[in-house]
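Here's a quick tour for anyone meeting this structure for the first time. Have a look at it, then read on.

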Amino acid sequence: MRTRTVALSLSLTLIVGCAGNGEGLDDNGRPTEEGEGGGLSADFDSIQSNVLTPICTTCHSGAAAPLGLRLDEGASYALLVNAPSTEVPGLLRVNPGDPDSSYLIQKIEGTAEVGGRMPLGGSPLPAETIAVIRQWILEGAQAPQSSGVSPSKLSAAWPIEGTLSRNAPAIVIASERELDTSLFQAGTLTVTRSGGDADFANGNEVQIDARIELRSLSPTVLAITAPPGGWTADAYRLRVSGSSPLAVTDLNSVAIDGNADGQAGGDFELNFSVEESK
Ligand code: HEC
């Protein structure tokens with residue numbers, strides 16, 4: 001129930017990686033963390049700004065992104081790392097530590113079982129670029145640098161006691177800091193009504209057409225207002241996705257800590273009931 005305001009310093013990203021030898025390669029002949037003039041290096045920020053944003057987002061962005069794979073900044077990390085491929089569901093798009101079994105690598109090397117080589121219809125990525133992406137995966141597919149800040153938890157600012165009256169205005173949920181609000185869309189935030197039996201698994205649930213209002217951007221606060229016609233007296237469940245295929249993330253692409261276990265990922269769930277107002 002606690003809502004804290006944390007000023008997130010984006011300049012964190014700029015402080016890291018200054019220990020490189022300046023030659024672009026380390027003693028093992030691998031690219032260093034910080035190349036001259038912002039060249040490609042084996043960290044996610046660099047891969048985002050040198051490869052994904054300029055080459056892949058012409059197709060892979062927004063609601064129409066192929067196979068739901070958005071590769072634009074803010075969405076890409078959560079949709080790649082530990083997220084199952086749609087084409088070959090047995091493989092993760094990025095399997096930290098194992099580039100060979102990462103579907104992303106198979107797609108850019110042209111060895112995938114399904115579909116074309118990425119970028120689709122364009123020239124293949126240079127071998128050196130693929131090598132750097134492989135190295136990032138091999139080193140554990142680390143999140144963007146500012147993930148040193150712990151993943152953002154959500155909390156219900158309202159209802160406080162788990163009960164709303166029928167004419168209650170809204171449910172309010174708050175994040176500890178700013179989230180990528182473009183990710184709040186069909187599928188990532190759902191409100192379900194039990195169908196009168198307080199059971200959410202027996203098939204008579206009703207998906208509610210609730211309206212979402214942004215109350216504050218930083219930290220992100222959302223109000224979920226009553227559906228047309230008001231709340232029906234029933235048990236409800238509000239869920240915000242912190243897991244693949246489409247997770248709500250903060251501005252650094254780190255998924256929310258939905259289940260409050262101290263780790264990014266996991267769904268946030270709020271159960272509440274609506275009673276006839278007296
Ligand atoms: C011209 C549009 C286009 C561009 C540019 C493009 N893609 Fe794709 N991508 C697609 C389409 C369409 C599919 C699905 C059909 C297929 O796989 O051929 C796809 C599928 C994928 C998949 C499979 C996802 C899954 O869940 O199975 C991955 C991974 C992927 N693309 C990565 C990339 C990367 C990385 C880049 C940039 C280097 C890129 N794509 C550039 C259109 C594009």
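## Around the ligand

Start with the ligand: it has 22 residues around it, and Cys-56, Cys-59, His-60, Glu-87 and Met-118 come nearest (near means a heavy atom within 4 Å). This is a predicted model, where local features need pLDDT of at least 70, side-chain atom pairs count only at pLDDT 80 or more, and totals for chains, interfaces and linings use all residues. Residues are numbered from 1 along each chain as its sequence is written, and side-chain values use heavy atoms, leaving out hydrogens and water.

Some polar contacts show up here too (pairs of N or O atoms within 3.5 Å). A side-chain N or O atom of Glu-87 is 2.4 Å from an oxygen atom of the ligand, and a polar backbone atom of Gly-116 sits 2.8 Å from a ligand oxygen atom.

## The iron site

What coordinates the iron atom of the ligand? His-60 (NE2) and Met-118 (SD) do, at 2.1 to 2.2 Å; donors are N, O and S atoms within 2.8 Å of the metal (3.2 Å for Na, K and Ca). His-60 lies in the loop between α2 (44-56) and α3 (76-80), and Met-118 in the loop between α4 (103-109) and α5 (127-138), so the pair ties together parts that are 58 residues apart in sequence. Helices here are DSSP runs (H or I) of at least four residues, and strands (E) of at least two.

His-60 is also buried, at 13% relative accessible area (buried means under 20%, with a 1.4 Å probe and protein chains only).

## A look at Thr-188

Thr-188 lies in the loop between β3 (170-175) and β4 (189-193). With 1% relative accessibility, Thr-188 counts as buried. Its side chain reaches the backbone oxygen of Leu-183 at 2.7 Å.

Conventions
Buried means under 20% relative accessible area, exposed over 50%, partly exposed in between (1.4 Å probe, protein chains only). A polar contact is a pair of N or O atoms within 3.5 Å; within protein, one must be able to donate a hydrogen and the other to accept it, and residues adjacent in sequence count only if both atoms are side-chain atoms.
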